There are 2 protein chains.
Amino acid sequence: MSAFTDLWHDISDIGGTDKTGYIRFAWTAAEWELRTWFRAQAKLRGLEYEVDGNTTLWATWNPSGSSETAVVTGSHFDSVPHGGAYDGPLGIVSAFLAIDRLRAQGVVPARPIRIAAFAEEEGSRFGIACLGSRLMTGVFDPDRARALTDRDGITLASALEEYDFDPARLGPDPTRLRDTHAFVELHVEQGRALAVPVGIGSSIWPHGRWRMDFTGEGNHAGTTLMTDRHDPMLTYAFTVLAANKEARVLGAHATVGRVAVHPNATNAIPSRVTGWLDARAATSETLGTLVSSLSAKVATRSAKDGTTVEITAESTTGEIGFSDALVRRCRTTLGERTPVLPTGAGHDAGVLSGVVPTVMLFVRNPTGVSHAPAERADDEDCEAGVEALAAVLEELACR
Amino acid sequence: MSAFTDLWHDISDIGGTDKTGYIRFAWTAAEWELRTWFRAQAKLRGLEYEVDGNTTLWATWNPSGSSETAVVTGSHFDSVPHGGAYDGPLGIVSAFLAIDRLRAQGVVPARPIRIAAFAEEEGSRFGIACLGSRLMTGVFDPDRARALTDRDGITLASALEEYDFDPARLGPDPTRLRDTHAFVELHVEQGRALAVPVGIGSSIWPHGRWRMDFTGEGNHAGTTLMTDRHDPMLTYAFTVLAANKEARVLGAHATVGRVAVHPNATNAIPSRVTGWLDARAATSETLGTLVSSLSAKVATRSAKDGTTVEITAESTTGEIGFSDALVRRCRTTLGERTPVLPTGAGHDAGVLSGVVPTVMLFVRNPTGVSHAPAERADDEDCEAGVEALAAVLEELACR
């Protein structure tokens, strides 16, 4: 077995399997097991282990006792429901292996190299993506965070207390941010945009989530004349197809993957259908065009169906560009032929890029599947990822 | 206040309101309150009160001490989730008032007149519509009934035991059926098919429920190229619109009011969407055409979407004709101009019509809404319904 296969195998049965997918929500038993594994890996390597007030884990390698600012790498452990094995954990496992590699090569970095494991990146439990990094950078209010509730009505504050974390310690951490020279996040690529093992991330597409409330008239499915209906399911169905068409035309991405129906009974015309639109595009302008064009078409259809529709932005993010200087240094280190590509997915790297120089490395995804059990990366490509990450960390920490 | 308004008011705040709708599921606190009310009304009138093994309530008026077979009338108390006030209870309240009316007129019927309140007509709790009447007539297996579970995983057997009913007593009741001369169910009309206060039901449309499983490939909403997607939500949306169109073209009814999505996350292309089709038509042939034509169109679309679809009949019922002789006698009694109409809705009367002569009376619905809070009947029309029911009961029990 290769070094990668060996270490990867350590965590591959925590919180799921690659058949059923993984449920590794923040501050649950599965994530706790991954945290325990992280601590053991740090100790095993003699790294300095810490947990900060936002429950982010840190492991620092500083063989020269340097007091320079650190080069930070890492990712997150938590998953979407029934997610893949790689989204998140690959960046953490690769970070430990990159340090092993540098150490084996006799490298003594001039700056500390620090591994981070952020909490609640997917927002699968409390609904806010990149919550750990948002709290650290001060863009999310800790009072609001403490009051967030999961599907079972458990507050984030009590979820933390269950694992003896102190919710009062959530919040901005300017000291640690000031102590960060650069952040590099290695991540599995999530589409089929990479034809070689490793690429460099240049930016994150503008994206947003919109809640779409369709209201009609609840009624009896058997007796209501077709001409007397005000069925919001029809307007919803039209919207799903129109969003897909609009995205194809504009070269953007649009998805309706979540829906709630009231009363959701076989023999009742619904009174209310709520769908959530996830849309992303290369520019904010294209994204705006997609949503406004879709809204206009849906309004017309809604009038025809005798329903009403309300479209509300739940979150929108403009384009996030990573550090041009870091992208250039990665390219010099990894070879000028290394592909540089944007991504449609959000990451802690996107949040941190607002305050520290940030870049991402992507490892090829042969299936193009992510956020689902079939998410994969070949072991050889993962080895190449570790090699690339080690080279970039050496470049940033030694030169 | 009229006699109707007065008695109706008695139960109008049990298990909900006409703003929020009613949740009066079988063998729950709300339905128990309605059962208690039934018993009190029977006692108040000196009627013979019984509860049978299927938990159906009975109240018999037999002032002449007749040993003839009984004329039975009645309906059910249970509701769909957030249903209307009238669907079910109107038939029971009207039955008590019809007896009051006959008694006040000095009528002494030659046959007993018996009021029935059936359980779980909507199937809202355990999924099987007309469960009480199906058990009574022997078309539903009591072992299977006892093992049914509700949304909370409670078996029907333990739901019964909670109210001290004996689940071992569920099952066919041929003795009581043999003792039934005719069954008349008064019910609120559920579309806008009646332009006068009262009509006579001739038949129930053939209808069925089909489960439609759409399977695709779960994936990341942000990063998956539109051309790489196998999104079952698209095939589902197409199906919703196609079912509606097909029903309009054929003069049938089709509804998709219930859906389940996996994993139902905003940022994930679903791997699986399940929708339920409710379809009804004037003839079994038209219903068959609707489903086969829809299936063909959906298969074509599914191939285009790169998804698979499986359509499975969960239940289908052919046309149920009520007794021609009873329809004629109702018409003679109520006037030759009284409209005779089919209905798209299932009823205990449909189940009983297989074994005893059965007919229905419908009371006008001004909104055309049913199975929803806006379900209404005007008090004057309800009074007219009571008058019509009394006349029909007198005709059947005295002549």
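Modeller: We'll take a sheet, a helix, the interface and some salt bridges in turn.

Modeller: Ground rules: this is a predicted model, where local features need pLDDT of at least 70, side-chain atom pairs count only at pLDDT 80 or more, and totals for chains, interfaces and linings use all residues. Residues are numbered from 1 along each chain as its sequence is written, chains are lettered from A and ligands numbered from 1 in the order in which they are written, and side-chain values use heavy atoms, with hydrogens and water left out.

Biologist: In what order do the four strands of the open sheet in chain B run?

Modeller: Helices (H or I, at least four residues) and strands (E, at least two) are DSSP runs, numbered from the N terminus. Two strands pair if DSSP finds at least two bridges between them. Here the order is E11-E13-E9-E14 in chain B, with antiparallel pairing. At the edges sit E11 (253–262) and E14 (308–317) of chain B, each pairing on one side only. From one strand to the next, the twist averages 15°.
Nine bridges join E11(B) to E13(B), residues 272–280, and His253(B) stands opposite Arg280(B) of E13(B).

Biologist: Which strands does helix H8 of chain B touch?

Modeller: Contact means heavy atoms within 4.5 Å. For angles, axes are lines fitted to C-alpha atoms, for helices over the stretch in contact, and the values run from 0 to 180 degrees between N-to-C directions. H8(B), residues 232–250, touches E9 (207–215), E11 and E13 of chain B, and makes about 170° with E11(B). Helix H9(B), residues 284–305, lies across E9, E11, E13 and E14 of chain B, at about 5° to E9(B).

Biologist: Which residues of helix H10 in chain A are buried?

Modeller: Buried means under 20% relative accessible area, exposed over 50%, partly exposed in between (1.4 Å probe, protein chains only). In H10(A), residues 324–334, the buried ones are Leu326(A), Val327(A) and Cys330(A). They span an arc of only 105° around the axis, so they lie on the same side of H10(A); the arc is that of the directions from the helix axis to the C-beta atoms. Asp324(A), Arg328(A) and Thr332(A) are exposed on the other side of H10(A). Just after H10(A), Gly335(A) has a positive phi of about 110°.

Biologist: How many residues does each chain bring to the contact between chain B and chain A?

Modeller: The size of an interface is often given as the accessible area lost when the parts come together. Buried area is that loss for two parts put together (1.4 Å probe), summed over both. Chain B gives 60 residues and chain A gives 60 residues. About 5300 Å² is buried between them, with carbon and sulfur atoms giving 57%.

Biologist: How many salt bridges are there between chain B and chain A?

Modeller: A salt bridge is a side-chain nitrogen of Lys or Arg within 4 Å of a carboxyl oxygen of Asp or Glu. Between chain B and chain A there are two. Asp228(A) forms a salt bridge with Arg192(B), with the closest N and O atoms 2.7 Å apart.

Biologist: And where do Glu387(B) and Arg101(B) lie?

Modeller: Glu387(B) is in helix H12(B) (residues 379–398) and Arg101(B) in helix H3(B) (residues 89–104), 286 residues apart. Their closest N and O atoms are 3.9 Å apart in a salt bridge. Glu387(B) is partly exposed at 46%, and Arg101(B) is partly exposed at 29%.
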